[in-house]
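Okay, quick one from me today.

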Amino acid sequence: VRTNLLLINSNAELAALRDRVDGCAATGGAGGSGGWRIVGGGLSILQANDVVDLEALKDLRAIDGKDSYGRSLSIERNANLASLYGLRNVRGALPGALYVNFNGALTSLSGLEGITRIEGKSASWSGGDSLVILDNGALCLSATDRVAAGDRARLTSCAAGGATFCTASTCTNQGGCDGTALAIAGGGDVNVQARPSTHDGT
């Protein structure tokens, strides 16, 4: 059982969260800069099949923790989630892993541009990964979407039509979602693909 997380699994929960933190932007929360942050845990949006966007999270500024699986941000198995743009104001490093998996309607990673670094990885029994973006059936990565990684990274690009293995030397400064590379400092594996396939462990 995962602990230390803010779990959202319905549109009603997302709306209730928005209502609870609504005053933060106006009152100068999150260190006086407006917005709010998650401290001491991770954020999981899981099986929220009635959620189509994350606009209710537009005032979230940072995720300063990770859950018991070692994940800071996990967006998984949301059948109708089409946009991550509501996360556009999240800035800086994630102390734990980032997972975006099995979101069939998701076409873009736009909204994750402010995340510049992943400092941790998931627990070894949970994969030991720092970044996993897999089995999002509608997601198409552009040729400029790259990941800077200290070890082997798997990137399947729609343009390339196949798997490309890269290291920090070949991927750094080639651009992330916003034209800047995402640094992986956690030592975990990196597995990113645009189209569904079976993860073969490479």
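Let me start with one side chain: Ser130 reaches over to the backbone oxygen of Gly120, at 3.0 Å. If you want to find Ser130 on screen, go to strand E9, which covers residues 129–134. So is Ser130 buried or exposed? Ser130 counts as buried, because its relative accessibility is 0%, and the cut-off for buried is under 20%.

Keep in mind that this is a predicted model. How confident is the predictor, then? The average pLDDT for the protein chain is 75, and 64% of the residues come in at 70 or above, that is, at least 70. There are stretches to be careful with. Residues 28–32 stay under 50 in pLDDT, and for them the model has nine contacts beyond four places in sequence. Then there's 143–181, also with pLDDT below 50; that stretch has 88 contacts in the model beyond near neighbours in sequence.

Okay, zooming out to the whole chain. The secondary structure comes to three helices and 14 strands. There are 202 residues, and 47% of them count as buried. On contacts: take those with a separation of 6 or more, and 76% of them are between residues 24 or more positions apart.

Over to you for questions.

Methods: Residues are numbered from 1 along each chain as its sequence is written. This is a predicted model: local features need pLDDT of at least 70, side-chain atom pairs count only at pLDDT 80 or more; totals for chains, interfaces and linings use all residues. Side-chain values use heavy atoms; hydrogens and water are left out. Helices (H or I, at least four residues) and strands (E, at least two) are DSSP runs, numbered from the N terminus. Buried means under 20% relative accessible area, exposed over 50%, partly exposed in between (1.4 Å probe, protein chains only). A polar contact is a pair of N or O atoms within 3.5 Å; within protein, one must be able to donate a hydrogen and the other to accept it, and residues adjacent in sequence count only if both atoms are side-chain atoms. pLDDT is the predictor's confidence in each residue, from 0 to 100. Contact means heavy atoms within 4.5 Å.
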